[in-house]
2 protein chains.
Amino acid sequence: MPPSTSAKTRSGWKKDPQAVKANILQVATEEFAMSGLSGARINVIADKTNTSKRMIYYYFENKETLYLQVLEAAYAEMRRSEAELRLTGLQPCDALRRLVEFTFDHHREHPDFIRLVMIENIHHGKYLKQSAVIRSMNSSAISLLEDICNRGKADGTFRADIEPMALHFQISALCFYNVANRSSFSAIFDKSFFSEQGQLVLRENIVQAVLAGVVGTI
Amino acid sequence: MPPSTSAKTRSGWKKDPQAVKANILQVATEEFAMSGLSGARINVIADKTNTSKRMIYYYFENKETLYLQVLEAAYAEMRRSEAELRLTGLQPCDALRRLVEFTFDHHREHPDFIRLVMIENIHHGKYLKQSAVIRSMNSSAISLLEDICNRGKADGTFRADIEPMALHFQISALCFYNVANRSSFSAIFDKSFFSEQGQLVLRENIVQAVLAGVVGTI
DNA sequence: GATCATATTAACTATTTGGTACATATTGTC
DNA sequence: GACAATATGTACCAAATAGTTAATATGATC
């Protein structure tokens with residue numbers, strides 16, 4: 001009989017493997033988000049963990065596997081947040097507003113996730129495509145939007161030709177860009193968007209832009 | 001008297017230094033856009049040029065300097081395109097539509113530029129900030145938008161509270177995201193946006209979204 | 001054609017970096 | 001306590017990589 005691998009607490013162990021793995025993943029997330037796949041250094045990651053380089057290779061086959069698992073963990077975490085949204089009780093416009101505000105805030109609060117997505121795009125989505133885990137997490141944002149759109153069209157507040165996917169594109173683009181392109185935008189154009197006050201205004205601007213698009217009578 | 005460094009044709013030279021430099025820059029642009037600063041390999045760049053690695057270091061001090069000059073050349077090229085836009089003869093709405101369409105098309109046609117900007121943002125704009133050349137090129141897109149907004153407000157077609165910079169943010173975000181996040185978006189959500197037909201529809205959607213925002217009566 | 005600055009080649013190096021070999025410790029199970 | 005499986009620390013290596021050294025070719029200028 002193989003040793004029980006049940007998730008029962010392995011109390012008594014000098015170090016909990018789960019914790020060691022989690023610690024490595026967390027440090028690696030920061031490093032990969034900071035420097036990219038080729039820019040991140042395994043030695044640097046090792047130094048910042050509570051363990052050694054040896055353990056990174058013990059739990060994660062190699063640098064690419066570690067990166068992939070970092071990516072998967074980041075997507076999983078994001079999905080967890082999304083799942084907490086409860087919009088069904090709200091009127092379509094209010095629900096849409098709340099979804100936009102949530103997306104805006106969430107992206108802002110998770111720059112590491114945004115950076116990992118940027119890095120993945122630099123790699124043409126090579127690892128994203130590779131990951132069955134991530135592909136299986138078809139973002140729930142879409143189903144939320146589908147529900148909002150259906151209700152909005154049904155009660156006449158939304159135009160009949162609104163497509164949930166196009167709406168998602170617009171919301172995602174505006175909220176993503178706010179985090180992803182902050183450095184270049186503030187270097188070339190205007191830093192004022194990114195002050196606390198500026199972000200509040202920008203957030204409301206984005207909400208208004210999205211709402212104006214769905215209720216428009218054109 | 002120092003030797004004439006005038007730009008007169010140096011015909012007769014075995015190889016035109018200008019051409020060698022330009023060749024290196026072009027190859028380096030592709031490589032850096034493809035793999036990022038740390039991902040790009042000087043040896044690979046050298047192999048793809050008509051010259052040798054030694055010449056890269058002869059004309060460009062080191063990898064970072066080469067990257068910086070690639071970045072500067074890319075921005076210069078983009079500005080050149082922008083400068084060709086002639087919008088003053090158009091009505092505000094038409095001018096805005098054309099600016100959005102131009103931005104959408106330009107970004108689509110210059111994925112290498114988009115990727116360099118992404119990479120720069122991964123580096124927190126370190127090299128952008130460093131470059132006096134780029135900082136001095138305050139994108140003309142802003143002055144174009146200022147003019148359009150002024151005229152739109154004057155003739156009453158635009159809302160009075162429209163800010164050119166916020167408008168630029170919106171346009172840039174939507175058009176940038178279309179190129180930058182193509183891989184991740186199509187991997188997770190929908191590939192149909194990126195077919196030829198899908199891009200036409202998306203472009204018009206973006207135009208409509210922007211226009212709806214400026215004429216809105218909210 | 002002597003001289004000098006520019007342009008170019010090929011081979012070399014110091015260092016970094018991902019990855020590993022080997023020895024050892026810890027713990028559950030019998 | 002013996003044994004096996006899991007977990008960990010130390011020292012090491014081969015390959016890759018940015019950058020260099022030293023020698024040489026080329027053309028402009030006088």
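Tutor: Helices H1(B) and H4(B) are roughly perpendicular to each other, where angles of 65 to 115 degrees count as roughly perpendicular, under 35 as roughly parallel, over 145 as roughly antiparallel and the rest as oblique. This is a predicted model, in which local features need pLDDT of at least 70 and side-chain atom pairs count only at pLDDT 80 or more, while totals for chains, interfaces and linings use all residues. Residues are numbered from 1 along each chain as its sequence is written, and chains are lettered from A and ligands numbered from 1 in the order in which they are written.

Student: At roughly what angle do the axes of H1 and H4 of chain B cross?

Tutor: Helices here are DSSP runs (H or I, at least four residues; strands are E, at least two), numbered from the N terminus. Axes are lines fitted to C-alpha atoms, for helices over the stretch in contact, and angles run from 0 to 180 degrees between N-to-C directions. The axes of H1 (residues 17-39) and H4 (residues 63-83) of chain B come within 9 Å, and they cross at roughly 105°.

Student: How many nonpolar residues does the contact of H1(B) with H4(B) have?

Tutor: Residues are in contact if their C-beta atoms, placed from the backbone, lie within 7 Å, and in this sense residues including B:Phe32 and B:Leu37 in H1(B) meet residues including B:Tyr67 and B:Val70 in H4(B). Ala, Val, Leu, Ile, Met, Phe, Trp, Tyr, Cys and Pro count as nonpolar, Asp, Glu, Lys and Arg as charged, and the others, Gly among them, as polar. By these classes the contact of H1(B) with H4(B) has no charged residues and two polar ones, and the number of nonpolar residues is nine.

Student: Is B:Leu37 buried or exposed?

Tutor: B:Leu37 lies in helix H1 of chain B, and beyond residues up to four places away in sequence it touches B:Phe32, B:Tyr67, B:Ile119 and B:His123. A residue is buried if 20 or more other C-beta atoms, placed from the backbone, lie within 10 Å of its own, exposed if 12 or fewer, and partly exposed in between. Because B:Leu37 has 24 other C-beta atoms within 10 Å, B:Leu37 is buried.

Student: Which word describes how H5(A) lies to H12(A)?

Tutor: Helices H5 (residues 92-109) and H12 (residues 196-215) of chain A pack with their axes 10 Å apart, at an angle of about 140°. That angle makes H5(A), in relation to H12(A), oblique.

Student: How many residues does H10(B) give to the side of chain B that touches chain A?

Tutor: Between the two chains, 43 residues of chain B are in contact with 43 residues of chain A. Several helices of chain B, among them H6 (111-122) and H10 (164-180), each supply at least two residues of the side that touches chain A. The largest share of this side comes from H10(B), namely ten residues.

Student: What is the pLDDT over residues 1-12 of chain A?

Tutor: The pLDDT is the predictor's confidence in each residue, from 0 to 100, and its mean for chain A is 89, with 91% of residues reaching 70 or more. Where pLDDT is low, the predicted coordinates should not be read in detail. Residues 1-12 of chain A have one contact in the model beyond near neighbours in sequence, and their pLDDT is below 50.
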